[in-house]
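Here is a short note to read beside the model. Please keep the sequence and the 3D view open as you go through the points.

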Amino acid sequence: MTGVPRWSAFVGSKAALRELADSLREEEAPHGISVTTVYPAATATGLLGEVRSAWMTPPSARHRKNSPR
């Protein structure tokens, strides 16, 4: 897995929600409450197109593209 420039807030918030659900699952299990997380498949939006093109670009090329000239 590689990082994608300008996506740190998106991936960070997604990871935070997963960890929150994992913690809630452990905290509430003794009370008979279960916590389930759902990760839907990708949805065809402009956002997806941007991510796809970034993932298809090798990390070395992304670095050159986003470096100041």
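1. **A nonpolar patch.** In this predicted model, Leu-17, Leu-20 and Leu-24 form a nonpolar patch on the surface. Together they have about 280 Å² of accessible area. Areas here come from the Shrake-Rupley method with a 1.4 Å probe, and for residues only the protein chains shown count as cover. A patch is built from residues with over 30% relative accessible area and no salt bridge; like charges are joined within 9 Å, and nonpolar side chains (Val, Leu, Ile, Met, Phe, Trp, Tyr) within 5 Å.

2. **Leu-24 in its helix.** Leu-24 sits in helix H1, residues 8-28. Helices (H or I, at least four residues) and strands (E, at least two) are DSSP runs, numbered from the N terminus. The relative accessible area of Leu-24 is 32%, so this residue is partly exposed. The scale is simple: buried is under 20%, exposed is over 50%, and partly exposed is in between (1.4 Å probe, protein chains only).

3. **How the model is read.** Residues are numbered from 1 along each chain as its sequence is written, and side-chain values use heavy atoms, with hydrogens and water left out. Local features need pLDDT of at least 70 and side-chain atom pairs count only at pLDDT 80 or more, while totals for chains, interfaces and linings use all residues.

4. **The salt bridge.** How many salt bridges does a search of the whole structure find? The search finds one. Arg-25 pairs with Asp-22, and their closest N and O atoms are 2.7 Å apart. The term means a side-chain nitrogen of Lys or Arg within 4 Å of a carboxyl oxygen of Asp or Glu.

5. **Where the partners stand.** Arg-25 and Asp-22 are three residues apart in helix H1, so about one helical turn separates them. Arg-25 is partly exposed, at 26% relative accessible area. Asp-22 is also partly exposed, at 26%.

6. Val-38 lies in the loop between H1 and helix H2 (46-56). Val-38 counts as exposed because its relative accessibility is 66%. Val-38 and Arg-18 are 20 residues apart along the chain, and their C-alpha atoms are separated by 9.6 Å. Leu-24 and Thr-36 are twelve residues apart in sequence; C-alpha to C-alpha, they are 9.7 Å apart.

7. **The whole chain.** The chain has three helices and zero strands. From the N terminus on, the order is α-α-α. Of the 69 residues, 12% are buried. The accessible surface is about 5,900 Å², and 62% of that belongs to carbon and sulfur atoms.

8. **Confidence.** pLDDT is the predictor's confidence in each residue, from 0 to 100. The chain averages 77, and 58% of the residues score at least 70. Confidence is highest in H1, at a mean of 91, and lowest in helix H3 (residues 59-66), at 58. Where pLDDT is low, the predicted coordinates should not be read in detail.
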